[in-house]
Amino acid sequence: MVLPDEKIELRMRLRRERNQKFIPSSFEIILQLPEVIYATVITSYISYESEPSTEEINREILALGKTLLLPRIKNHELEWVTWDGDEQNLNRKKKIAEPTGEAFENQGSIQVMIVPALHIDQEGYRLGQGGGYYDKALPKLKAWKIGIVHAGELSSQKLPRETHDVPLDAAATPLTIIRFSHN
């Protein structure tokens, strides 16, 4: 069992490192993956500050005619809302941009999830920002899950994990895709 303080300290260190090394990059490499090519409903998010940019990915998903869902926090959980790419259909709460409109009801039709992470280890476990929203959302959706991180944020060491943590199916940096096999 991981002590919460261990994760808190690790998050602080990784955020500091990310801010020191941040270089804006494109993550369009994920658009070449078969899972993404054949998906019709994809979740993503609006990145902020030094997070890997989702701007190009989101724009291209919409240009391809796919349904793009963004997360919105409701009752301490994520709900998914269809977004059409119009900035006016986003509600800004401090750093976070959330979509406006009705919640997407057919969660079973979600085929791909693009997931934020601070770091991802060799088994596909991610360390997120610490809100726990994705920890609750990941096990509920049967979608193929890919985390995006900057180059150098794939960890060769196991990240601290708790019993509720769910491994991703893949990780992407601007130049690399890594697939994880889970037994």
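Two strands pair if DSSP finds at least two bridges between them. Helices (H or I, at least four residues) and strands (E, at least two) are DSSP runs, numbered from the N terminus.

The model is predicted: local features need pLDDT of at least 70 and side-chain atom pairs pLDDT 80 or more, while totals for chains, interfaces and linings use all residues. Residues are numbered from 1 along each chain as its sequence is written, and side-chain values use heavy atoms, without hydrogens and water.

**Exercise 1.** Determine which residue is the bridge partner of Thr 43 in β6.

*Solution.* Strand β1 (residues 41-43) pairs with strand β6 (residues 112-116) in the parallel sense, over 2 bridges. The partner of Thr 43 is Met 113.

**Exercise 2.** Characterise the aromatic pair found in the whole structure.

*Solution.* A search of the whole structure finds 1 aromatic pair (ring centres of Phe, Tyr or Trp, taking the six-membered ring of Trp, within 6.5 Å; planes under 30 degrees apart are stacked, over 60 edge-to-face, the rest tilted). The ring centres of Trp 80 and Tyr 134 are 6.3 Å apart and the planes stand at 65°, so the pair is edge-to-face. Because Trp 80 lies in strand β3 and Tyr 134 in helix α4 (residues 133-137), the pair ties together parts 54 residues apart in sequence.

Next, consider burial (buried is under 20% relative accessible area, exposed over 50%, partly exposed in between; 1.4 Å probe, protein chains only). Trp 80 is buried, at 1%, and Tyr 134 is buried, at 10%.
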